[in-house]
Amino acid sequence: MNYRDLFSGIAFLIIGVSTVWMGKGFFADAAYVPIGVGTLMGAFSLPLIWRGMKSVLAVRTTTDAAASSHMTTQPAPALVDHPGRFSVTLGCSLVYYATLPIVGFYTTSALFITLLAVLLGERRPAVIAGITLGFITLLYALFAVVLKRPLPVEFFLAS
Amino acid sequence: MFESLLNALPVALQFGSLISLFVGTLIGILIGALPGLNPVMAIALMLPLTYGFDPIIALGLVAGIYNGSMYGGAIPAILLNIPGTPAAIATTFDGYPMTRKGEGGLALKTACWSSAIGGIVSALALMTLAPMLAKVTLAFGPAEYFWVAVFGLVSIAVLVGKDVSKGMLSALLGVIIGLVGIDTISGEERFTFDSLYLSGGFELLIVLIGLYAVPPVLEMAEKRNESYFDSDSFRAKPSGGSLGLLRRHWRTWSRSSLIGVAVGILPGAGGNLAALLSYNEAKRKAPDPESFGSGNPVGVAAAESGNSADNAAAMIPSLTLGIPGNLVAALVLGALMIHGLQPGPQLFTRSPDVVFGFMWQMLLTAMLLLLLGGMVATRLFAQVLRMPSALLVPTTLVLMAVGVYTVNGNVTDLYVMLAFGLAGYLLNRLGFPLAPVVLGVLLGPMAEQNFRLTMLIAQNDWTVLFSRPISLGIIALLAVVLLSQLWKALRQRRQSQYQGS
């Protein structure tokens with residue numbers, strides 16, 4: 001967590017400084033808040049950077065001491081617990097959003113639910129089919145029939 | 001006035017009015033429970049359908065949708081960490097952790113009772129205090145609104161989470177996100193990078209769903225395919241039943257309802273601010289503030305009674321002065337005008353049956369929540385928790401997509417939601433609280449607009465911010481919050497030094 005505090009502090013400092021820098025170019029009173037907020041962000045990021053640096057140095061000292069006495073130190077918990085599942089979910093979502101306007105809302109959503117459920121480990125075809133059909137029917141009834149909200153049209157219905 | 005109020009009761013209890021209350025509350029719960037749909041949209045869609053109805057039936061529908069949606073917003077907030085309405089942000093803080101702990105049923109029941117109590121108190125305030133309190137709000141100028149926004153922003157940044165600097169950085173990040181787009185006063189584009197999409201600024205609901213709903217779904221996806229929640233979630237019932245609930249939360253309900261009513265009277269403040277201020281206050285007063293955020297039912301009770309207590313109170317300035325306090329209040333005024341009634345002080349003398357009947361309807365729908373909320377929420381919506389996570393993840397993502405898409409009918413919003421989701425996931429993992437970010441997006445523009453208006457009126461004289469008595473009162477409250485945190489930090493440091501030695 002030590003490097004994380006340090007790096008997030010630096011990231012916030014950069015955002016703060018950039019906000020002030022860009023804010024200075026705004027017209028008169030439109031610049032007040034961006035400059036003020038950027039300055040405050042820079043100011044609040046400093047204690048975080050300071051604390052991060054202090055703890056990094058402290059951990060390094062502890063690690064050196066542990067290495068000299070052949071002891072093991074606890075690693076920081078991973079930022080992403082399961083990178084595989086995480087990327088599959090993100091990737092499928094991006095493909096879903098990209099195909100939504102082309103294929104149509106209900107078809108893409110049904111395919112998305114089925115595919116992602118299988119990729120995440122669901123192996124019961126009846127459960128997947130039942131829940132997908134039930135859910136899509138419910139969405140159709142609500143958004144198309146009751147509320148009449150316009151959603152991307154199905155490719156087979158588009159003229 | 002009291003006589004007019006009593007005379008209007010039979011009008012509100014007419015068969016047609018009761019049916020409209022019942023239907024409106026059901027629609028409201030459903031609308032509130034679906035992220036992306038909000039009471040404003042539902043009422044706006046319903047109003048044209050009520051042209052041919054009696055005004056009291058049209059207003060009954062409005063009252064039902066309004067009160068129902070405030071509770072409905074708590075359902076996905078508790079079950080999926082998705083605030084169904086912006087006012088349900090604070091409900092996610094403890095509602096969702098309660099579900100993760102296997103106390104989803106208890107959280108829903110607490111939310112239902114809290115919403116009902118908040119709504120009842122608010123309706124009673126509307127009935128009794130309307131004309132008197134409306135006069136006080138006239139004293140609120142832009143300087144006071146600026147301080148109200150600063151108070152909400154700073155207090156949540158300081159009180160949520162363990163690290164004050166991380167809380168403040170989150171809040172400031174939210175303010176910067178809120179600055180993106182065309183400046184409403186000068187018309188200048190800020191932080192848009194010449195993008196047409198960014199010139200419109202970020203839609204609050206998209207930021208909200210991205211920051212709040214995407215991270216838990218990603219976490220859910222990372223787990224193996226199993227039920228994400230404890231299967232006994234709905235067996236958790238309050239000890240001592242509803243009476244036990246009443247005994248445990250009456251203090252929180254009273255305090256939060258009063259906060260909600262006070263915030264509701266201020267035009268433009270909204271249920272989200274009421275919920276967050278109530279939550280902060282409950283946390284500040286609690287003997288175990290560290291348990292807030294990890295599934296404390298008091299947090300749910302405070303947030304829900306706070307946001308529901310805002311509802312009827314927000315009608316006070318609109319009915320008495322003709323100044324709508326929020327969008328729903330503006331639609332109520334629209335509904336009155338559609339039916340040939342002119343809002344303002346004369347409304348009370350010219351059409352007492354309608355105006356006082358509407359007040360009774362707000363009270364009756366708040367009571368109906370106990371019946372319909374419990375039945376619909378815990379027995380129908382809660383079934384979602386029994387789904388395995390491999391199916392809950394894609395269905396939740398589709399629900400979010402449809403919710404976000406219906407806001408503007410723009411696919412880019414979906415990518416933006418995902419980007420905010422990734423940012424929320426990272427911030428969460430790095431220990432930055434997300435609530436101040438959302439509050440920054442929400443209150444940042446309010447603070448800025450009122451600050452600039454104050455400067456404009458006072459011709460850049462800064463002292464005007466510190467010279468009015470109401471402003472000084474809010475500043476004093478802000479100082480109390482900051483000093484209490486400072487005192488707490490000093491006490492903790494002293495204790496750790498004592499333990500170390």
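Which residues touch the most other members of the largest nonpolar core? I began my notebook with this, and I found that Val62(B), Ile78(B), Leu126(B), Leu172(B), Ile209(B) and Val438(B) hold that place in a core of 181 residues. I then looked up which element gives the most to this core, and it is helix α7 of chain B, residues 104–137, with 14 residues. Chain A also takes part, since the core draws at least three residues from each of domain 1 (2–68) and domain 2 (83–146) of that chain. I note here that the model is a predicted one, and I have kept that in mind for every entry below.

**Entry on Val438(B).** Val438(B) is in contact with Ile89(B), Gly174(B), Val207(B), Leu208(B) and Leu211(B).

**Entry on chain A.** I counted the elements of chain A and recorded five helices and zero strands, which run α-α-α-α-α from the N terminus on. The domain assignment divides this chain into domain 1 (2–68) and domain 2 (83–146), and I noted that the centres of these two domains, taken over C-alpha atoms, are separated by 40 Å. Buried residues make up 26% of the 159 residues in chain A. Of the contacts in chain A with a separation of 6 or more, I found that 57% are accounted for by residues 24 or more positions apart.

I also checked the confidence of the prediction for chain A, where the mean pLDDT is 87 and 88% of the residues reach 70 or more.

**Entry on the record for chain A.** In the unreviewed UniProt entry I found "transmembrane region" listed for residues 6–23, 30–50, 94–120 and 127–147 of chain A. I compared two of these spans with the model. Residues 6–23 of chain A are 100% helix and 0% strand, with the end C-alpha atoms 25 Å apart. Residues 94–120 of chain A are 93% helix and 0% strand, and there the end C-alpha atoms lie 16 Å apart.

**Entry on the contact between the chains.** How many residues does the contact take from chain A and from chain B? I recorded 45 residues from chain A and 40 residues from chain B. On the side of chain A that touches chain B, at least two residues each are supplied by α1 (2–23), α2 (32–68), α3 (83–103), α4 (105–119) and α5 (125–146). The largest share of that side, 10 residues, comes from α2(A). By class, I noted 31 nonpolar, eight polar and six charged residues on the side of chain A that touches chain B.

**Entry on chain B.** The secondary structure of chain B comes to 22 helices and two strands, and buried residues make up 58% of its 501 residues. I also looked at the contacts in chain B with a separation of 6 or more, and residues 24 or more positions apart account for 80% of them.

**Entry on Ile156(B).** I found Ile156(B) in helix α8 of chain B, residues 142–159. Is Ile156(B) buried or exposed? Ile156(B) is buried, because 30 other C-beta atoms lie within 10 Å. Not counting residues up to four places away in sequence, Ile156(B) touches Leu276(B), Asn280(B), Ala435(B), Pro436(B) and Leu439(B). Ile117(B), which is 39 residues from Ile156(B) in sequence, is 24 Å away in space, C-alpha to C-alpha.

**Entry on two phenylalanines.** Most residues other than glycine have a negative phi, and I therefore wrote down the exceptions that I looked up. Phe191(B) has a positive phi of about 55 degrees, and Phe193(B) has a positive phi of about 50 degrees. Phe191(B) is found in the loop between β2 (189–190) and α10 (196–199) of chain B, and Phe193(B) is found in the loop between β2 and α10 of chain B. Phe191(B) counts as partly exposed because it has 19 C-beta neighbours inside 10 Å, whereas Phe193(B) counts as exposed because it has 9.

**Entry on Lys223(B).** With 17 C-beta neighbours inside 10 Å, Lys223(B) counts as partly exposed. The C-alpha atoms of Lys223(B) and Ser389(B) are separated by 7.8 Å, and these residues are 166 residues apart along the chain.

Notes: Residues numbered from 1 in each chain as written. Chains lettered and ligands numbered in written order. Predicted model: local features only at pLDDT ≥ 70, side-chain atom pairs only at ≥ 80, totals over all residues. Domains from an automatic or database assignment. Core = buried A, V, L, I, M, F, W, Y, C linked by C-beta atoms within 7 Å. Buried ≥ 20, exposed ≤ 12 C-beta atoms within 10 Å, placed from the backbone. Helix = DSSP H or I, 4+ residues; strand = E, 2+ residues; numbered from the N terminus. Contact = placed C-beta atoms within 7 Å. Nonpolar A, V, L, I, M, F, W, Y, C, P; charged D, E, K, R; others polar. UniProt positions renumbered as here; feature names shortened; annotations may be inferred. pLDDT = per-residue confidence, 0-100.
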